[in-house]
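User: I am new to this structure and would like to go through it with you. Could we begin with a term that I will need?

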Amino acid sequence: MKSLLFVIFIFIATACETIPPPLESYTLTRTAIVYATKVKAARYSPGNWHKAENYFRQAERMFRNKEYEKADKLFKLARDHAEKAENIARLKIQAETGGY
């Protein structure tokens, strides 16, 4: 009987374990989007910018619904696309202005 209670206790303890909110992913992604916005990434890399915005909105929705694992994955996708958009925008601006 004691072993059965122990097994039930372990099952309940592990079932109640939750994933913490992905605050670091949110912060890094938000920062990437701010920097991409500053270099007009929507103009120079609209495909990556659009994906970044969409993933970020989805991630925020998952975050509000406390689906933290999904939110974390979406924040990372959004950050990747925001960083790509920023880099492409910087390269295109540099090419337009003739250098540094």
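Analyst: A crossing of two helices is called left-handed if the near helix is turned anticlockwise from the far one by less than a right angle, and right-handed if it is turned clockwise. Please note also that this is a predicted model.

User: Which crossing does helix 2 make with helix 4, left-handed or right-handed?

Analyst: Helix 2 passes helix 4 in a left-handed crossing. Helix 2 covers residues 23-38 and helix 4 covers residues 46-64; they pack at an angle of about 150°, and their axes are 11 Å apart. Angles over 145 degrees count as roughly antiparallel, and helix 2 and helix 4 are therefore roughly antiparallel to each other.

User: Which residues make the contact?

Analyst: Helix 2 contributes Leu23, Tyr26, Thr29, Arg30, Ile33, Ala36 and Thr37, while helix 4 contributes Trp49, Ala52, Phe56, Glu60 and Phe63. By class, eight residues in this contact are nonpolar, two are polar and two are charged.

User: Moving on to rings, how many aromatic pairs are there?

Analyst: The count comes to six aromatic pairs. One of them joins tyrosine 26 and phenylalanine 75 in an edge-to-face arrangement, with 5.5 Å centre to centre and 75° between the planes. Tyrosine 26 lies in helix 2 and phenylalanine 75 in helix 5, so the pair ties together parts that are 49 residues apart in sequence.

User: Are those two buried or exposed?

Analyst: Tyrosine 26 is partly exposed, at a relative accessible area of 30%. Phenylalanine 75 is buried, its relative accessible area being 0%.

User: Which residues do ring pairs link into a cluster?

Analyst: The cluster consists of Tyr26, Phe56, Phe63, Tyr68 and Phe75.

User: New topic: where is histidine 81?

Analyst: Histidine 81 is placed in helix 5, which spans residues 68-97. The residue counts as buried because its relative accessibility is 12%, and buried means under 20%. Apart from neighbours within four places in sequence, histidine 81 contacts Asn48, Lys51, Ala52 and Tyr55.

User: And where does valine 39 lie?

Analyst: Valine 39 is in the loop between helix 2 and helix 3, the latter being residues 41-44. With a relative accessibility of 10%, valine 39 counts as buried.

User: What is valine 39 in contact with?

Analyst: Leaving aside neighbours within four places in sequence, valine 39 is in contact with Tyr44, Glu86, Ala89, Arg90 and Ile93.

Notes: Residues are numbered from 1 along each chain as its sequence is written. This is a predicted model: local features need pLDDT of at least 70, side-chain atom pairs count only at pLDDT 80 or more; totals for chains, interfaces and linings use all residues. Side-chain values use heavy atoms; hydrogens and water are left out. Helices (H or I, at least four residues) and strands (E, at least two) are DSSP runs, numbered from the N terminus. Buried means under 20% relative accessible area, exposed over 50%, partly exposed in between (1.4 Å probe, protein chains only). Contact means heavy atoms within 4.5 Å. Axes are lines fitted to C-alpha atoms, for helices over the stretch in contact, and angles run from 0 to 180 degrees between N-to-C directions. Angles under 35 degrees count as roughly parallel, over 145 as roughly antiparallel, 65 to 115 as roughly perpendicular and the rest as oblique. Ala, Val, Leu, Ile, Met, Phe, Trp, Tyr, Cys and Pro count as nonpolar, Asp, Glu, Lys and Arg as charged, and the others, Gly among them, as polar. Rings of Phe, Tyr and Trp (its six-membered ring) pair if their centres lie within 6.5 Å; planes under 30 degrees apart count as stacked, over 60 as edge-to-face and the rest as tilted.
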